[in-house]
Amino acid sequence: MNNHEDELKRLREALQNRLDQLLPAGEQQDLVFTAMREGTLASGKRVRPLLLILAARDLGCAVEQPGLLDLACAVEMVHAASLMLDDIPCMDNALLRRGRPTIHAQYGESVAILAAVALLSRAFGVVVEAQSLPPACKTQAVAELSLAVGSQGLVQGQYLDLSEGSRARSSEAILLANELKTSRLFDASLQMAAIVAGSSLQTRQRLRCFAQDLGQAFQLMDDLSDGLSNTGKDANQDSGKSTLVALLGAEAVHQKLREHLRSADEHIASACHRGLSTRHFMHAWFDKQMAQFGKSSTQPGC
């Protein structure tokens, strides 16, 4: 295991331990709280909180900065809540998530909905209570996270997917839904990192461009992986949906994914001059995913 992998392992452990502290097992015994813990603490990739921490460091912020880990945990709580809601019967009706039964499959749909709402509330509370961050910093972080969750972010993206996903859509309509569903939470994570690091508006705009490309690449990879059986999720969940894979074919989507990754790399290189951790993390993650198809994320035409 190289130094980069060692560091990611330590950061994942720190995130897991802090999430466990923020959602303590002995605090409540009801099913809603149990579901909150199950949905959040279940083993996952932790891509968004890791990006927040790594980007903050690349922007010149010490990883040990008090409050940074709590902001990362808040992002993971929001992501976990969104997955709970995505999976319920009136949405995607999924039965498997992160290799385990979905929350509604374990505890019922009503518990899953209440647990997701409670997690969203807890996430904003964690931001407000984050240690040693100035009030103005917390206010900006709350604003970014709120924008990513609401009617201009995850909620609107999911609505578009549900209302239009079963009909023929243009590539532009699909990309818009992907941006709202995926890019916006990446953007909030990176903006929160920039806020803690005290970055300039120019740097923050470059990070927004990076998040947009990264989110599109991430969603395209998710669509390409839909038919695989080792993803920890229901296979063929996108059957009958208008995705770019259905519209353009897998090879064209692989090419678009590489184009987004090249653009994302340019934006993050321009935004972060002090470190390469975010770039290394992005490339390593996509290389691992692309290996499932016998392809590379960095070699055109492979």
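These are my notebook entries on a predicted model of one protein chain.

**Ground rules.** I number residues from 1 along each chain as its sequence is written, and I leave hydrogens and water out of side-chain values, which use heavy atoms. For local features I need pLDDT of at least 70, and for side-chain atom pairs 80 or more, while totals for chains, interfaces and linings use all residues.

**Overall build.** I found 13 helices and 2 strands in the chain; these are DSSP runs, helices being H or I with at least four residues and strands E with at least two, numbered from the N terminus. The C-alpha atoms fill a box of roughly 50 × 45 × 40 Å along the principal axes.

**Inside and contacts.** I noted that 50% of the 302 residues count as buried, meaning under 20% relative accessible area, with exposed over 50% and partly exposed in between (1.4 Å probe, protein chains only). Of the contacts (heavy atoms within 4.5 Å) between residues at least 6 apart in sequence, 72% join residues at least 24 apart.

**Two loop residues.** Asn93 sits in the loop between α4 (68-87) and β1 (96-97). Its phi is positive, about 50 degrees, although Asn93 is not a glycine. I wrote Asn93 down as partly exposed because its relative accessibility is 42%. Arg98, in the loop between β1 and β2 (100-101), also has a positive phi, near 55 degrees.
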